[in-house]
Amino acid sequence: MAKKDPKKTLQYWVSKKGPRQEIKIEDIGIDMFQVRTDNVERDLDELKQKMETAGTNLEAICVAKMENEDSPYKYDLIYGQRRLQAATDLEWETIGAEVIDEYVPEAIGKALSDMENSHVKTSDADKRRLVTRLKEQGFSQNQIVKDLGISRNTVRLIFWEEDLKPRVNEARKDSGVSVDIARKLQDRLTIDGEVMVDQVVEFIKKMENLNDVRRKEMVEVISEDANLSADEADEIALENTNVDEYKITLSKKLSEGVQKMTEDTENSPEMQIVEIVQDRLESENIIEN
Amino acid sequence: MSIDKSLNLPFPLRNYQIEGANFLRNRDNALLADEMGLGKTVQAIIGLRLLMKEKKLKKVIIVVPASLKSNWLNEFRTWAPKFRPVIVEGSKSKRLYLYKAPIQILIISYESIREDIEEIKFNQYFDLIILDEAQRVKNYSSNTSKAIRQIRSNSKWALTGTPLENSPKDISSIYSFVKDGLLTKNVSVKEIKEIIIPYFLRRKKSEVLQDLPETIEQQILIDLSPNQRNTYEITKNERVKHIGNLKKSEKISNILALITELKKICNYDPVNKDSSKIETLNEIIDEKKQNNEKIIVFSQYVKTLEKIYEKANCQQKFFYHGQLDLNEKEKNLNDFKLSSGTAILLISLHAGGVGLNIPEASTVVMFDRWWNPSVEDQAVARADRFGRENVLHVIKFLCVNSVEERIEEIIKEKKYIFDEIVEETAKKVPRLSEEELMKIVL
């Protein structure tokens, strides 16, 4: 559960960033937040050229008060290490920075750093790392959605996947079953707090060659009777499935979903996935073109 | 105010450790050569913290054997938790960035510094360099020694339990790093000893007995070598996949077999014939040779013992395991006890875990970890017997980021009391569920 201390919100810490000011480069260290170290120097010459031109108009880096009182540095870098390195190479004495004049908790500093870097590279792995880190710190799904602007669906799926047992998750990936379905299966097949991992994996493997409609139906079937084997549940699911009815329901849901996502995330990676799914559904005549 | 309080230390320092930390703090050039087990690493970290408090150090580099990088990180976590040393590793471009970045403490292996020296020798300057296991530069003309001498630093500390003060050539080479020009050619051993006095501190256990407990326990965290790590990961991934396809009845035995196999790879990589543990053991043997100490090495696996026998840097080696007949075992044990000079006795758990009485040994190395800590205690007790005159040094190896670490975590949590037999056969029902066992692997 998320802690209620207002200092725990990212928004609080973002709001503590002071106005841009020039600070001495020799006062900045890399310590607690240990910002990224990969590819820092890639294309650094190009950046240096830009910085020479831009001069003090350079976008500000972000630093916080150094928590370790024995450190020779006054500030701990949160983000902007490429700019800092370029400025150092150019032998600048000062650099424009937004200073958080408080001791910033480690997880918050790392989250701020990740957020900044996610402008540069928005890979799923980065998002996952960030959301996972915040989840560990007790942030709720809502807080993360609100503070970071990552889609609710993405956050939810990452939370769910984190809750999957490792073997379940591995089987899920191998069989191409969604996190959503795997999580529901795992929930349904948890007895007295213990996940029946073998059974969940058996169901997931059974689902490998089934479509989503059948998979969902199987989840429904075992919700009523968790003692069924995967084969038995599949048989019943097949009997229960009214294909036409499902097509209509699915078509409606997808259209609504696509419409919503188009509004929210035009040109985003999610949108591209939606387009691919829509194409596929159209080609299979599940929804009309 | 005492050092303990002013630095807010988690445990009180022993008197000789305070002396050692102050010795380092007050010198730009120093060789701390305490006997192994007296806590050289701790003293160096405290010396470093004292200087940090005076804001005297902005950039420190610590050069260590590759297998001990994580061990240093761990010591910092204990003794200087506010400091965040960074291990210099990865691609060359990443390493070169790390040298330059405003990071206060860097930890690097001898191999990496040797590889990078051409790029950093002119444009990197450090406030302090600490050389761990400094006997690695005892050969003046080796590439490693040459590289180390080219690192530019205001202060230089060397740590070793093998000071080699009786070997003019070796000690000259180490001092050519610590304080170049201090020892000129053709000085006698006696002259060397006098010249280095201001820069040299060595205490033996026998000299600080009043400060020491009867048994010193030391856990050494070991990094697998890159080759070992590769074999470990490949084995793990392939077998986990295979286990996923097995029937339930076959799973637990297969997971247990995998845990055993991964533990063996932690001991010795049969593919690349590589072992960080044996490398570390050899460092220990070298140090123990100074006092002709006898060492017992315990492992669960006879094959591991055979590899240690093959690779250990010691003239006198003896086996004691179940594949030997009673007479051979008796003879080996007696030869070990009566040997003069350093000797190692390689004992398997089942053959020598209980019943033996070997007070002649002053060091016990737990090469791999038992499921049941009480079995380790019984093994240690072989040497911790009436008749022992010196402090007993117990060293436990633990490979980081491996099944060994996970087993250790579970043992620490005291959630389970393990049955040692759990690794031996699937017929016995283990007390961990399949899921819990799999967590150890993953």
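Two strands pair if DSSP finds at least two bridges between them, and strands (E, at least two residues) and helices (H or I, at least four) are DSSP runs numbered from the N terminus. The model is predicted: local features need pLDDT of at least 70 and side-chain atom pairs count only at pLDDT 80 or more, whereas totals for chains, interfaces and linings use all residues. Residues are numbered from 1 along each chain as its sequence is written, and chains are lettered from A and ligands numbered from 1 in the order in which they are written.

**The parallel sheet of chain B is an open one of six strands.** The strands follow one another in the order β8-β13-β12-β9-β11-β10 (chain B), and the twist from one strand to the next averages 20°. At the edges stand β8 (215-222) and β10 (316-320) of chain B, each with a single partner strand, so one side of each has no neighbour in the sheet. Within this sheet, β9 (residues 294-299) of chain B runs parallel to β11 (residues 343-348) of chain B and is joined to it by six bridges, with B:Ile296 standing opposite B:Leu345 in β11(B).

**Helices α12 and α13 of chain B lie across strands of chain B.** Helix α13 (residues 302-311) of chain B lies across β9, β10 and β11 of chain B, at about 165° to β11(B).

**Five strands make up an open sheet in chain A.** Pairing is mixed, in the order β1-β5-β3-β4-β2 (chain A), and the edge strands β1 (21-24) and β2 (28-29) of chain A each pair on one side only. Strands β3 (residues 61-65) and β5 (residues 94-100) of chain A pair in the parallel sense over four bridges, and A:Val63 stands opposite A:Val99 in β5(A). Helix α3 (residues 81-89) of chain A lies across β2, β3, β4 (75-79) and β5 of chain A, running at about 150° to β5(A).

**The largest nonpolar core has 100 residues.** Such a core is a set of buried Ala, Val, Leu, Ile, Met, Phe, Trp, Tyr and Cys residues joined through C-beta atoms within 7 Å. A:Val63, B:Ile62, B:Val63 and B:Leu131 touch the most other members, and α3(B) gives the most to this core, with seven residues. Leaving aside neighbours within four places in sequence, B:Leu131 is in contact (C-beta atoms, placed from the backbone, within 7 Å) with B:Val63, B:Val137, B:Ile148, B:Ala158, B:Leu159 and B:Phe177. Another core lies apart from it, with 53 residues that include B:Leu258, B:Ile296, B:Leu349 and B:Met366.

**Chains A and B meet in a contact that takes 23 residues from each chain.** On the side of chain B that touches chain A, α3 (40-53), α5 (92-100) and α18 (434-441) of chain B each supply at least two residues, and α5(B) gives the most, with four residues.

**A:Met196 sits in the loop between β7 (194-195) and α10 (197-207) of chain A.** Beyond its neighbours within four places in sequence, A:Met196 is in contact with A:Leu189 and A:Ile191. The C-alpha atoms of A:Met196 and A:Lys165, which are 31 residues apart along the chain, are separated by 10.0 Å.

Technical notes:
Two residues are in contact if their C-beta atoms, placed from the backbone, lie within 7 Å. Axes are lines fitted to C-alpha atoms, for helices over the stretch in contact, and angles run from 0 to 180 degrees between N-to-C directions. A residue is buried if 20 or more other C-beta atoms lie within 10 Å of its own, exposed if 12 or fewer, and partly exposed in between; C-beta atoms are placed from the backbone.
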